[in-house]
Amino acid sequence: MRFNPSPIIKKNFLNHSFFIKRDDLLHPDFSGNKARKFHYYLINDFPDIKRVVSYGSNQSNAMYSLSVLAKAKGWEFHYFVDHIPSFLKKHPHSNYKNALSNGMKIYENDKDFMQNLIKEKDTLFIKEGGAVKEAEFGIKILAKEIIGWASERKIEDLKVFLPSGTGTTALYLQKHLPFEVYTCACVGDEEYLKKQFLQLEEEVYHPTILKLDKKYHFGKLYREFYEIWIKLQKETDIEFDLLYDPKGWLTVQKHIELFKQNSLYIHQGGVLGNESMKLRYMRKNYADNKNN
Ligand SMILES: *Cc1c(COP(=O)(O)O)cnc(C)c1O
């Protein structure tokens, strides 16, 4: 499995022009920043490894991408979650379904077994969301693609934006780019994100965190999220992710004076996971209509 550099295109949105790095187009099975984060594992040989073990949410993009990696490597994939809703068990869909069909073994609330597996020498353990130092390898390649593109166009004041979960992608991008990297915290608050950064690198490499006035909770549904997502689709003809990108673009909108020109938004994939988010939004809209 190989990745070619992903394209960068120009689109208008919010009455401004943005460059968009289409990392969602990297590979059909293995998209976005998870492909970048796990690139290191994909191209190196690990003769002593038999299985990969990780944990997180039951629809996560990292879970799906790890199932693709394990399948390509011929590894077992053991994934641990707190809970699987009975609806999802009865009607598997989206990342959950696709990861299962790649051979993922999923466990509910079984931390002891996870600890036992981690102790095995032939286990590769990956922290939630792929927040590992090895992610730097692939993200550095992403940074090099951006540097090459910007120097061809003689852009020296590029402003890069991407929404953060664990912050791993934004952090390593800032480390390897001579440009300012801006991000927002989608999981937890700004303090949480700073702590995540510090676990990986010292402060000199930290990206700039931009804030919104309103507090949003990760994975919850918000009308303004859905609205900006629909508007994005209409105006750019690109499907963005429904979990991180709505907050990302709302943040860009609020701080638009920073992004007046030479701005690059990184599309980090995750579109495969939209299936479950769209279902949830549809049910929510239905509920809203009934209440009105
Ligand atoms: C995982 C993911 C993120 C968050 O990436 P981090 O490196 O954890 O900050 C953002 N967007 C999408 C689409 C993702 O899949």
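A cavity here is a set of grid points where a 1.4 Å probe fits but cannot get out. The model described below is predicted.

**Cavities and a pocket**

The structure holds two cavities of 30 Å³ or more. Helix H3 gives three residues to the lining of the largest cavity, the largest share. The elements that give two or more residues to this lining are H1 and H3. Among the residues that line the largest cavity are Ser-31, Asn-33, Lys-34, Asn-61, Tyr-64 and Ser-65. Gln-268, Gly-270, Val-271, Leu-272 and Gly-273 are also included in that lining.

The second largest cavity is lined by residues including Cys-186, Tyr-216, His-217, Phe-218 and Met-277. Lys-247 is another residue of the second largest cavity's lining. Tyr-216 and Lys-247 also belong to the lining of the second largest pocket, where they are among the residues that lie nearest its centre, together with Asp-189, Glu-190 and Lys-215. That pocket is lined by 15 residues.

The table gives the volumes and the classes of the lining residues.

| Space | Volume | Lining by class |
|---|---|---|
| Largest cavity | about 100 Å³ | three nonpolar, eight polar, one charged |
| Second largest cavity | about 70 Å³ | seven nonpolar, two polar, two charged |
| Second largest pocket | about 180 Å³ | six nonpolar, two polar, seven charged |

Helix H3, residues 61–73, lies across strands E3 (51–55) and E4 and runs at about 165° to E4. Both strands belong to an open sheet of four strands in the order E5-E4-E3-E6, with parallel pairing. Strands E5 (105–108) and E6 (123–125) stand at the edges with a single partner strand each, so one side of each has no neighbour in the sheet. On average, neighbouring strands of this sheet are turned by 20° against each other, direction ignored. E4, residues 76–81, pairs with E5 over four bridges in the parallel sense. Phe-80 has Tyr-107 in E5 as its bridge partner.

**The mixed sheet**

A further open sheet has six strands in the order E1-E2-E10-E7-E8-E9, and its pairing is mixed. Its edges are strand E1 (8–13) and strand E9 (208–209), each with a single partner strand, so one side of each is left without a neighbour in the sheet.

Strand E10 is joined to E2 by four bridges, and the two run parallel. E10 also pairs with strand E7 (residues 159–161) in the parallel sense over three bridges. Leu-264 takes part in both pairings: Phe-19 has Leu-264 as its bridge partner, and Val-160 stands opposite Leu-264. Further along the sheet, two bridges join strand E8 (residues 180–183) to E9, and these strands run parallel. There, Tyr-182 stands opposite Thr-208.

Is E10 buried or exposed? Five of its five residues are buried, so E10 is largely enclosed by the rest of the structure. Ser-263, Tyr-265 and His-267 are buried on one side of E10, and Leu-264 and Ile-266 are buried on the other.

**Helices by the mixed sheet**

Helix H7 (residues 135–152) lies across E1, strand E2 (16–22) and strand E10 (263–267), at about 135° to E2. H7 is also among the elements that cover the buried residues of helix H8, as are helix H1 (32–37), E7, E8, helix H9 (190–200) and E10. H8, residues 168–176, is mostly covered, with eight of its nine residues buried. The buried residues of H8 include Thr-168, Leu-171, Tyr-172 and His-176.

Conventions. Residues numbered from 1 in each chain as written. Predicted model: local features only at pLDDT ≥ 70, side-chain atom pairs only at ≥ 80, totals over all residues. Heavy atoms only, no water. Pairing = 2+ DSSP bridges. Axes fitted to C-alpha atoms, helices over the stretch in contact; angles between N-to-C directions. Contact = heavy atoms within 4.5 Å. 1 Å grid on protein atoms, 1.4 Å probe; cavity = no way out; pocket = protein on both sides within 12 Å on 5 of 7 lines; lining within 4 Å. Points joined across faces, edges and corners; volume = space filled by probe spheres on them. Nonpolar A, V, L, I, M, F, W, Y, C, P; charged D, E, K, R; others polar. Buried < 20%, exposed > 50% of the residue type's maximum accessible area, 1.4 Å probe, protein only.
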